[in-house]
Amino acid sequence: MNYEIIGGNLPAAICHLKAGEKIICESGAMSWMDDAFTMETSGGGIGKMFGRMFSGETMFRNIYTANRDGDIAFASSFPGDILAIEVTPDRPVIAQKSAFLACDPGVESSVFFQKKMGAGFFGGEGFIMQKFEGSGIVLLEVDGSIKEYTLSAGQRMYMETGHLVMMDATCKMDIERIKGAKNILFGGEGLFNTVVSGPGKLVIQTMPIEKTAQLIAALIPKSNN
């Protein structure tokens, strides 16, 4: 896939496909294209459809095929960035649910459940994620700006779960309770932190849409009726 990302904080990925090439995207994700493409909607089987539903995606995917050289674009739904990740057979990645924008047909996606009990009960959005494997480029939607880290074996990074965009499948995620009654009561960070352990690459986003929505909702005057 040849692509360019434009738009700064209001990004779109413009993909340049040659005749015969295909690209797969979320149902309704296409923003604009020229007349070189035909579209086919596919569920890919009941198992994959329900897996996508659990991971916050639409149950169906659209496959666009270029009949000749042409451009097709996918715009972000929230101010932020678009992250292009190269997936290889020896480098699958795990991403937050609802991050998927588009990918090469050689990339397979599936629902990914955190296996540890702590992550299951307290991980929130991080409990159900997406796994991308195979071969090709996957485009992920990011809320806010991107910060990338490469963790060494055993190195740990703490964060609120909503800030995690993507990690290599070699990384491990768990949930740890914040220590100290005073920290819990007055620290404003809740009861738990998400902990990602290396080795592998980790991508963090600065402005999770769920956190932004909560802040906006708190400013909306409540009706007395």
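Here are a few notes on the sheet, the cysteines and the charged pairs in this predicted model.

1. Start with the sheet. Six strands make up an open sheet in the order β5-β6-β3-β10-β13-β8, and the pairing is antiparallel. The edges belong to β5 (37-42) and β8 (80-87); each has a single partner strand, so one side of each has no neighbour in the sheet. On average, neighbouring strands here are turned by 20 degrees against each other, direction ignored.

2. Inside that sheet, have a look at β3 (residues 22-26) and β10 (residues 100-103), which pair in the antiparallel sense over two bridges. Cys25 has Ala102 of β10 as its bridge partner.

3. Arg61 deserves a glance. This arginine lies in strand β6 (residues 61-66) and is buried, with 7% relative accessibility. Its side chain makes a polar contact of 3.3 Å with the side chain of Ser109.

4. On to the salt bridges, of which the count is four. One of them joins Arg68 and Asp35, with 2.1 Å from N to O. Arg68 sits in the loop between β6 and β7 (70-75) and Asp35 in the loop between β4 (30-33) and β5, so the pair ties together parts 33 residues apart in sequence. Is this pair buried or exposed? Arg68 is partly exposed at 41% relative accessible area, while Asp35 counts as exposed at 65%.

5. Another salt bridge brings together the side chains of Asp168 and Arg91, at 2.8 Å from N to O. Asp168 belongs to strand β16 (residues 164-168) and Arg91 to the loop between β8 and β9 (93-96), so this is a link between distant parts of the chain, 77 residues apart. Asp168 is buried, with a relative accessible area of 10%, whereas Arg91 is partly exposed at 23%.

6. Glu148 and Lys201 also meet in a salt bridge, at 3.2 Å from N to O. Here both residues are in strands: Glu148 in β14 (residues 146-151) and Lys201 in β19 (residues 200-205), 53 residues apart. Glu148 counts as partly exposed at 39% relative accessibility, and Lys201 counts as partly exposed at 22%.

Notes. Residues numbered from 1 in each chain as written. Predicted model: local features only at pLDDT ≥ 70, side-chain atom pairs only at ≥ 80, totals over all residues. Heavy atoms only, no water. Pairing = 2+ DSSP bridges. Helix = DSSP H or I, 4+ residues; strand = E, 2+ residues; numbered from the N terminus. Axes fitted to C-alpha atoms, helices over the stretch in contact; angles between N-to-C directions. Buried < 20%, exposed > 50% of the residue type's maximum accessible area, 1.4 Å probe, protein only. Polar contact = N/O pair within 3.5 Å; in protein donor to acceptor, adjacent residues only side chain to side chain.
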